[in-house]
Amino acid sequence: MSVPGLQLSELPIGQPFSNFTAQDSTPAEPLSEQTYEIAKFREWRFEVAFGATVEVKLLKGSAEIFGTELPIGHKFTFTGIKSAIFTWQGCALEVRGSPSVEYTSEETPMTTYTNLHFALEKQRGMADESPTAQGPRVMIIGPENAGKTSLVKILTAYAVRQGRKPAVVNLDPKEGVLSLPGTLSATSFSTIMDVEEGFGSSPTSGPSPVPVKLPLVYYYGLETPEGNAKLYKALVSRMAVAVSSRLSEDDQNRSSGIIIDTPGTISQTPAGYDLLHHAITEFSITTLVVLGSERLYSDMLRRFEDRPNHQHQPPPISIIKLSKSGGCVDRDDAFLRASRERSIREYFFGEPKKRTLSPYTMTVGFDDLNIWRVSEASTLNASLLPIGHDDDEEDGGGGGGQALLVQAECSMLLQHSVAAVLHAEVGDEAHVLAESSVMGFVYIASVDEQKRYMKILAPMPGRLPPKPLVVSSFPEPTFSLVG
Ligand SMILES: Nc1ncnc2c1ncn2[C@@H]1O[C@H](COP(=O)(O)OP(=O)(O)OP(=O)(O)O)[C@@H](O)[C@H]1O
């Protein structure tokens, strides 16, 4: 799989990064300390605001965060998070700092989630027996904030704990997995997750306390799949081919299978169902897990489970309904924005106290830049087309209907944008660029229209590769990374 994190190898030009500062959320006051005894099968749920810090240490017993075990005596630091620590045997936690919300709950769906894991594990065991058999290909669907990502983390962590190597695919562009928001990614997981970071942060140039995972990343650049359904489908198909080829090359990946996270919006509208259907077909899903929605479950049963098993029909999908954890919390726009901003900031500057990165600023003339923008559904909203409608003929693969990418003018409008650097060549056609994977990201710090140059921040020193860049129409950036 390819590696994001710019491969800037040539001699540095421009000036070293010095006049910009990363935000540090170090609290000024000393942290209050408390010890919690959590009984077995319960979880301690907590929320920490952005700007606040809470440190948690497991003193005794055993505990896990979304499936990943906490070692005894190690201090974990949380900021801007809503999470839970579950214990199978009971534990004592030392907590320093003041979570904005904290309570212990005895009602958790962990037993059901673990049963699901063991059912998948059985299929993996069968796939181990035969070189032509496939491990489970699981997709988690459900409304927003139903706990889909949390379940993906739990299933992944449990699989890794059993020595498996599942491919984790994120089809939700709102939140990046080991990548920036706006991207779709696939990663082969064989080592533990970074519980302070969720899945972990994007791989960049700095050292990391947990083994770095290198995802294959495609740039979608919009918040919802319906924003440019044609591009979304193209990327899903592309990702499915890449993941299937990885599975066919690596036996451990093949038997471990795939775990896929999806955006909540595609489980809620007929247009979304079309995208869902497409993803299910492209990834040859064998198990569809519906979280927290009776209606979605019965719609999916009607669509997939009753499908006759003819010679030319794909095999039936097993559809499983699970209830939403009472711990799931809605995240408002402000929280999601802050979380997106943090992941962008960390990509360039590292994480305060863990690893500091030294990004580099360079000056690049307008004439040396080739910038594209993801086209939004505007003239023709593909998500409103009837299911099964194919708009390829109308737009000749890139014009007329909904375009995939459009060329962007170098102007002030690009200031404070994050741009993806593509594994493609300047001069490639829009449909080639749209399906090219991402090499890494840069940040357009300032634009001088009169002198026709931009200041560009890159995670590493070096010359900006002569590659096409794509900026998003994502509701970013609302902030300045530098200044
Ligand atoms: N048991 C729990 N206790 C506390 N918080 C939880 C629990 N389960 C999930 N959460 C939190 O609830 C929020 C929503 O959960 P999650 O991200 O898994 O939902 P989702 O369905 O993936 O959401 P989206 O549709 O927005 O992608 C997250 O902040 C998550 O950490």
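Begin with the ligand: its shell draws at least three residues from each of domain 1 (33-105) and domain 2 (109-322), with bounds from an automatic or database domain assignment. The model is predicted, so local features need pLDDT of at least 70 and side-chain atom pairs count only at pLDDT 80 or more, while totals for chains, interfaces and linings use all residues. Residues are numbered from 1 along each chain as its sequence is written, and side-chain values use heavy atoms, with hydrogens and water left out.

**The shell.** Select the 23 residues that surround the ligand, of which the closest are Glu43, Lys82, Lys148, Thr149 and Ser150; a residue is near the ligand if one of its heavy atoms lies within 4 Å of it. Colouring by class gives six nonpolar, eight polar and nine charged residues. Here Ala, Val, Leu, Ile, Met, Phe, Trp, Tyr, Cys and Pro count as nonpolar, Asp, Glu, Lys and Arg as charged, and the others, Gly among them, as polar.

At Arg331, a polar side-chain atom lies 2.9 Å from a ligand oxygen. Gly327 places a backbone N or O atom 3.1 Å from a nitrogen atom of the ligand. A polar contact is a pair of N or O atoms within 3.5 Å; within protein, one must be able to donate a hydrogen and the other to accept it, and residues adjacent in sequence count only if both atoms are side-chain atoms.

**Helix α2.** Display β2 (42-48), β7 (81-87) and α2 (148-161), each of which supplies at least two residues of the shell. Helices (H or I, at least four residues) and strands (E, at least two) are DSSP runs, numbered from the N terminus. Keep α2 selected: eleven of its 14 residues are buried, so the helix is largely enclosed by the rest of the structure. Buried means under 20% relative accessible area, exposed over 50%, and partly exposed in between (1.4 Å probe, protein chains only). Among the buried residues of α2 are Lys148, Leu151 and Tyr158. After the helix comes Gly163, whose phi is positive, near 80 degrees.

**Two further stops.** Move to Ser436, in the loop between α9 (430-434) and β23 (438-448). Ser436 is buried, at 8% relative accessible area, and its side chain reaches the backbone oxygen of Val432 at 2.7 Å. Finish at Arg337 in helix α7 (residues 333-349), which counts as partly exposed at 32% relative accessibility.
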